[in-house]
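Biologist: I would like to learn how to read a structure like this one. Could we go through it feature by feature?

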Amino acid sequence: MDENRLGLMEGRFADIIWQSAPISTGSLVKVCETQFGWKRTTTYTMLKRLCQRGIFENDSGTVIVLIPKEKFHQRQSEQFVSDTFGGSLPAFIATFTKGKTLSDEEADEIQRLIDKSRAGRPSAHADIFPPDARVHKSEEEPR
């Protein structure tokens, strides 16, 4: 199975771990029994499967996250675009938006993402001096 894809129940199971980690295997068994009606062996089988795929680790009875949810979804998205559109993000966007109208808010958000991507990494001082807070020489008050 593709390591970047989760079936329906794998996804629901993974969500429990991502929301609760670190979580003891005993607690995980109880949650899965309540939410899914699973037996202990089913929970351990599912956990083993996702651990073998490198998403989680069972460290002496404590389940820890190796790949955060956001990173996993990023990998899924990249794999989908690669497999379906030959890696072409413009082809994906063209197909996705074909026959549908983007709201102004959606278009603005997409443009912000593009602008952020073009800009590359923020400077080392971006958190201290955000671009809109910087004072340019022409804007400085006279002394």
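This is a predicted model: local features need pLDDT of at least 70, side-chain atom pairs count only at pLDDT 80 or more; totals for chains, interfaces and linings use all residues.

Biologist: Is Gly 54 buried, partly exposed or exposed?

Modeller: The cut-offs are these: under 20% relative accessible area is buried, over 50% is exposed, and in between is partly exposed. Gly 54 has a relative accessible area of 26%, so it is partly exposed.

Biologist: How far apart are Gly 54 and Leu 66 in sequence and in space?

Modeller: In sequence, Gly 54 and Leu 66 are twelve residues apart; in space, 6.7 Å separates them, C-alpha to C-alpha.

Biologist: How many helices and strands does the chain have?

Modeller: The chain contains six helices and three strands. Read from the N terminus, the order of the elements is α-β-α-α-β-β-α-α-α. The chain has 143 residues, and 19% of them count as buried.

Biologist: Where does Arg 53 lie?

Modeller: Arg 53 is in the loop between α3 (40-52) and β2 (56-59). The relative accessible area of Arg 53 is 14%, so this residue is buried.

Biologist: Now for charged side chains. What is the general idea?

Modeller: Side chains of opposite charge can pair when their charged atoms come close. In this structure there are four salt bridges. One of them is between the side chains of Glu 10 and Arg 53, at 3.1 Å from N to O. Glu 10 belongs to helix α1 and Arg 53 to the loop between α3 and β2, so this pair ties together parts that are 43 residues apart in sequence.

Biologist: Are Glu 10 and Arg 53 buried or exposed?

Modeller: Both Glu 10 and Arg 53 are buried.

Biologist: Which residue forms a salt bridge with Asp 15?

Modeller: Lys 69 forms a salt bridge with Asp 15, and their closest N and O atoms are 3.0 Å apart. Asp 15 is in helix α1 and Lys 69 is in helix α4 (residues 69-85), so the pair ties together parts that are 54 residues apart in sequence. Asp 15 counts as partly exposed because its relative accessibility is 26%. Lys 69 also has its own value, 28% relative accessibility, and counts as partly exposed.

Biologist: What about Glu 109 and Arg 112: how many residues apart are they?

Modeller: Glu 109 and Arg 112 are three residues apart, about one turn of the helix, and both lie in helix α6. They form a salt bridge in which the closest N and O atoms are 3.0 Å apart. Glu 109 is partly exposed at 35% relative accessibility. For Arg 112 the relative accessible area is 48%, so it is partly exposed. Salt bridges can also share partners: Glu 10, Arg 49 and Arg 53 are joined in this way into one network.

Biologist: What should I look for in the backbone?

Modeller: Most residues other than glycine have a negative phi, and most peptide bonds are trans. Ser 60, a residue other than glycine, has a positive phi, near 55°.

Biologist: Where is the place of Ser 60, and is this residue buried or exposed?

Modeller: Ser 60 is placed in the loop between β2 and β3 (62-65). With 75% relative accessibility, Ser 60 counts as exposed.

Biologist: Which peptide bond is cis?

Modeller: The bond from Ala 21 to Pro 22 is cis, with omega near -5°. Pro 22 is located in the loop between α1 (8-20) and β1 (23-24).

Biologist: Which residues form a nonpolar patch on the surface?

Modeller: That patch is made by Leu 102, Ile 110 and Ile 114, which together have about 190 Å² of accessible area. Ile 110 lies in helix α6. The relative accessibility of Ile 110 is 33%, so this residue counts as partly exposed.

Terms used:
Residues are numbered from 1 along each chain as its sequence is written. Side-chain values use heavy atoms; hydrogens and water are left out. Helices (H or I, at least four residues) and strands (E, at least two) are DSSP runs, numbered from the N terminus. Buried means under 20% relative accessible area, exposed over 50%, partly exposed in between (1.4 Å probe, protein chains only). Patches are made of residues with over 30% relative accessible area and no salt bridge: like charges are joined within 9 Å, nonpolar side chains (Val, Leu, Ile, Met, Phe, Trp, Tyr) within 5 Å. Accessible areas come from the Shrake-Rupley method with a 1.4 Å probe; for residues, only the protein chains shown count as cover.
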